[in-house]
Amino acid sequence: MDISRVDLNLLVYLDVLLRERNVTKAANHLGITQPAMSNGLRRLRDVFGDPLLVRTSEGMTATERARELQPLVRSILSDIEQAVQEKTPFSAMDSQRVFRIMASDYAESCLMPRVLRRIRQEAPHVTLDVLTPSDVSFLDVEQGRLDMAINRFDKIPQSFHQKTLWIEYFACLMNARNPILREPFTLDTYLDASHIWVSKTGFGVGVGVNPKDVQRLGWVDEALSRMGRKRQISVFTRHYQVAMLLAEQHDLVATLPTRAAWLQKDNPNLVVKVPPFEIPPFELKMAWSPLLQHNADHQWLRKLIAEVAEEVDAEFAPFGAQFESADIPQVYHSER
């Protein structure tokens, strides 16, 4: 292929088409007519010798070749945007920027108060808009409408940049007068208790939980299932603060990430115990769009969040050491 004969604007067309999977929406996004976008798609098919998008019962579906091209095209356009973008230093003290961050309830409780404190100190005019996982989608992140997603992710689109903030284990939180504490805290006494289930980590609008669907209940119940055991769940909630409140007020056990339990370490009404079985740890990550990778404002935000996470990690370490299992391989901090 003679690259000099290729209109590089077609890469912009392809990038938007593969995000929207709809010719009309892609045309509206770029402010061009639908016939012009259809013509662009035809030219792209000629260039790559592939249909790229095929109409199916579910709408326009990307071909295998198109899925291979998507992260490459996004990376190329991101590099071009960096090259032509005017380099203006970020002044935190003067900035009036609004940063939109999606944070799970767990991350919002354990990390965001300290992030806000640092922002108020360094950038007093910056506004922080914290959204829940149900408020946004991966597309919002990809298109830069959301500055950051902070969560534990099963999968992250390949084009996203990401950084591990910390590794998290699990702890059991219960009322200091819970009857199960009269005996040694074993797997049998754990299973004899009634439990609080808490989780909401994915993107999109949530739905009700089926207590019989172990595969969708998460880490704790999957770990029990592998041993052929099952706990009795009495309450399902999506909020860690609610789970901790319920554990304090009732004879229920909440199995939570250790940093969430750490928030209650000075509460005389609650007891924190090491789970009597192994639950694999997870990574809390921040993820962002390649569109924002080279943005000076965003680089400042990422650095601030990473520094705050390191501070939390260091302060938490003496408490958290008791929950780390020597039998589970350590997961190392990663970034891409």
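**Aromatic ring pairs in a predicted model**

F160 counts as buried (under 20% relative accessible area, with over 50% exposed and partly exposed in between; 1.4 Å probe, protein chains only) because its relative accessibility is 2%. The model is predicted: local features need pLDDT of at least 70, side-chain atom pairs count only at pLDDT 80 or more, and totals for chains, interfaces and linings use all residues. Residues are numbered from 1 along each chain as its sequence is written, and side-chain values use heavy atoms, leaving out hydrogens and water.

**Confidence**
- The average pLDDT (the predictor's confidence in each residue, from 0 to 100) of the protein chain is 85, and 87% of the residues score at least 70.

**F138 and F160**
- Rings of Phe, Tyr and Trp (its six-membered ring) pair if their centres lie within 6.5 Å; planes under 30 degrees apart are stacked, over 60 edge-to-face, and the rest tilted.
- The count by this rule is 14 aromatic pairs.
- F138 and F160 are edge-to-face because their planes stand at 70 degrees, with ring centres 5.8 Å apart.
- F138 is partly exposed, with a relative accessible area of 29%.

- W219 and F282 form a tilted pair, 5.5 Å centre to centre and with 40 degrees between the planes.
- W219 is partly exposed at 24% relative accessible area, whereas F282 is buried at 4%.
- Y106, F170, W219, Y240 and F282 are linked into a cluster by ring pairs.
- The charged end of R152 sits over the ring of F282, 4.5 Å from its centre (NZ of Lys or CZ of Arg within 6 Å of the ring centre and within 35 degrees of the ring normal).
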